[in-house]
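Hi everyone, thanks for making time this morning. Let me put the structure up on the screen, and then we can walk through it together.

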Amino acid sequence: MKKILIVDDEKDIVETLSFMLKAKGFECICAYDGEEGLNLAKNANPDLVILDVMMPKINGYKICRLLKFDNKYKNIPIIMITARSQDEDKLIGEETGADEYITKPFEFSDVLEKISKYLKQGETV
Amino acid sequence: MTKIFLLISEEANSQIENILKNNELMEAQGELEDILTQIHHFSPDIILVENSIKNCEFTVRQIKSIAKNQNTQIIFLIHEDIETDFLNLADGLINLPLREDILLSTINSHSKIKKSLDRLYENNKELSKSLYQLNVLYNTSSQFAGTLNTSKLYEIMIEAMEKTLSFDISSVLIFNQFSKPVLYLNTIHAPSENLIDALKIRSVLNYKTMFENSALPHNKDFDEIEIVQKTKQSRSNKIYTIDSLSYDSLFAPIKVGDDFFGVVELFRQTPYSAEDVTCFQAITHQVALPLRSAKLYEEISSTNKKLEKLEKIKSEFVSIVSHELRTPLTPINNSLEIVLSGQAGEITPEAQNFISMAKRNIQRLSGIIEDLLDLSRIQTGKLDLKYKLTDITPSLELLQKTFLQVAQEKNITINLEIKQKLPEIYADLRRIEQIFSNLVSNSLKFTPQDGTINVKAEVILSSEIDKTKLISPYIDLKGQYIKISVQDNGIGIKKEDIPKIFDKFSQIETSLNRNKGGVGLGLTITKQLIDSHLGAIWVDSEEKKGSCFNVVLPLSDDFKIFEMDLSHALIAFGDVGIIKLNYNKRIELIELLKEQKLLNLTRLSKEILFDKNERKEYWVYIPKISLSSFDAIYRTIEDFCIKISSTESDIILSKAHSEKDGIEIGKIINILNN
């Protein structure tokens, strides 16, 4: 079973997203702030990470950069969830290396389509 | 009456005193030193010297040295039997024995010479003073032109008056728009407390007197006057008392037109001449003009600051609101999706219908948020456009599919007619799709049941476009264009309303009788996006018969591509200069410029710069900078160029650069080229 890490400080988003992903046969682990998210990304061996941008402690872009510039983790696909606000625009000045972006509010089918680019077997389990 | 000093023997004395009795005479007394003191105090017009007196030559030389500037005439009385080889010291000669008529006529003519010389001397003095005043005025006017700092202008003014009008006391009362009035007191010696108070009252009185019959231009609290006092010789014991107010004085207002800045009054113990008055007026008039400029400048910059702040607050507000709205919308949407999917338990068809409705409205809400955010980005110049060579045919074909459901609800047919194979254009595909879907959704809104919408695309020449119909502002159209038109048979638009529909939040009918949704941001954004693509839009419409929205987008050649990158850079960075470099050089250069914080790359420029495969030439965007920091860039590029010995480079300046900048940048280019 493919393991997906969801990092978002909005508990409702995490809950609905993980509910649907579980229904589609993924294993989900969740983190509710940047620090916890980075920790789990490094230690829980996720196959894919879904990352919110604006979060307490460490923002999503920074986590993304930290993972993508580390040879050990750079192959983990990362999907960023963005609200496309100007605060986020400011953060994005540097390359983040994220694989995909989805904009809030998102359609579940879009998320699934993006995941399937990286985790082909996910749905078959 | 002539003042005559007599340095003669006693024999001659009695005779001469008698002849010259109608003049003011003084006889020499005592030794040489006493004589010199006597002459100094008496300041005679003529000195009569008999060559028989003791030490005659030495005495005359001494006299001449103290009377140097006084044009005093020295006349020798000569005994022919005495050798005199210093006659050249004299202005006139009379032989002894004395003849009365010769003495009188000689005295008379030398007295006239003395008077003429005095006049000449006075005129000369006046002339050199005027010349000096003119010189100071000239310098002052160039100093005035060099600053917009108000207090600096007053300093220059007071300094100029000090140089040209050598006042004892100057009292300058100045009004400021935003602060307390200031009284500048500049004096040679220290003023007494009473005098300071008196000058304060006097300046206020002077000011109020000027406006006796009209309203005061500055109605300030005069108890609040701030006094800035400077004394030139602060160590001297002399103090100006209240008596100084009886000195000769000059007074003038500082004003130009209706702008009133203050009043100046100068006091001097010795009287002022007519020329001084002219000079004084010239200075007060000269200072008023730059003061007005300074005032206007202050007003403009404070308004600008306010506007900038407001603009920032507004765009931040929009950004925050849209972020805050999106975040809760996400779990709502997700939850509805879960329920709809049946994963959370079975739902009735009716419930499904209502939940779908909720979902549709969430999509609509999120579209509005997206529009608001786009508009805020457009206004702050932060719209991130990713231009690429693009085939727009698929996005046109997609339109029918996208709007199929909405069209079916109203039984509207959407026809698509692409007359020929469309060439690729340089565009941001996502934004092009936004333009098309905004136009079609707009038409759908205003087309009645069973209507038709025709979407057409073709290649045309700019000469086929009726430029009078274009919605302004538009750029000069040249060459070939793809024309896309969206025609409906809806309610149509009145001719005079056409420009209005591209205004923010406009929908022609007022809220009471309108029955269509949408805040009307779509067309405003559409117009802005078309502008960014160097295209144009116009509307053909007839009321009750329908409208046709026409968009033209340019076919891209190298120049258009460059122009679009440039205009985008101008939007994104404000004032920029652009250096075109090839790939290898630019990365090094950019790193160097970034290290020195001379270059801020945003995501966009970075993408253009680092996009290795797509284009051969790249642009470095350098924000417009002051010439001092330009030196730093210059050096950086210089160092860099020695390292890489570049061969290919080119530069394009924005309008924001001055000619001087151009020369500087030209130098860099020369270095880059060699």
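For chain B, the mean pLDDT comes out at 78, with 78% of the residues at 70 or more. Please be careful with residues 507-515 of chain B, where the pLDDT is below 50 and the stretch has seven contacts beyond near neighbours in sequence. Residues 596-634 of chain B are also below 50, though that stretch has 70 such contacts in the model. Where pLDDT is low, the predicted coordinates should not be read in detail.

Now, what is chain B built from? It has 17 helices and 22 strands. Of its 674 residues, 27% count as buried. Among contacts in chain B with a separation of 6 or more, 71% are between residues 24 or more positions apart.

Over to chain A. Here we have an open sheet of five strands with parallel pairing, in the order β2-β1-β3-β4-β5. At the edges sit β2 (27-31) and β5 (100-103) of chain A, each pairing on one side only. On average, neighbouring strands in this sheet are turned by 20 degrees against each other, ignoring direction.

Let's zoom in on one pair. Strands β3 (residues 48-52) and β4 (residues 78-82) of chain A run parallel and are joined by four bridges. Within β4(A), I81(A) is the residue opposite D52(A).

Finally, which strands does helix α2 (residues 34-43) of chain A touch? The helix packs on the sheet against β1 (3-7), β2 and β3 of chain A, and its direction makes about 145 degrees with that of β2(A).

Conventions. Residues are numbered from 1 along each chain as its sequence is written. Chains are lettered from A and ligands numbered from 1 in the order in which they are written. This is a predicted model: local features need pLDDT of at least 70, side-chain atom pairs count only at pLDDT 80 or more; totals for chains, interfaces and linings use all residues. pLDDT is the predictor's confidence in each residue, from 0 to 100. Two residues are in contact if their C-beta atoms, placed from the backbone, lie within 7 Å. Helices (H or I, at least four residues) and strands (E, at least two) are DSSP runs, numbered from the N terminus. A residue is buried if 20 or more other C-beta atoms lie within 10 Å of its own, exposed if 12 or fewer, and partly exposed in between; C-beta atoms are placed from the backbone. Two strands pair if DSSP finds at least two bridges between them. Axes are lines fitted to C-alpha atoms, for helices over the stretch in contact, and angles run from 0 to 180 degrees between N-to-C directions.
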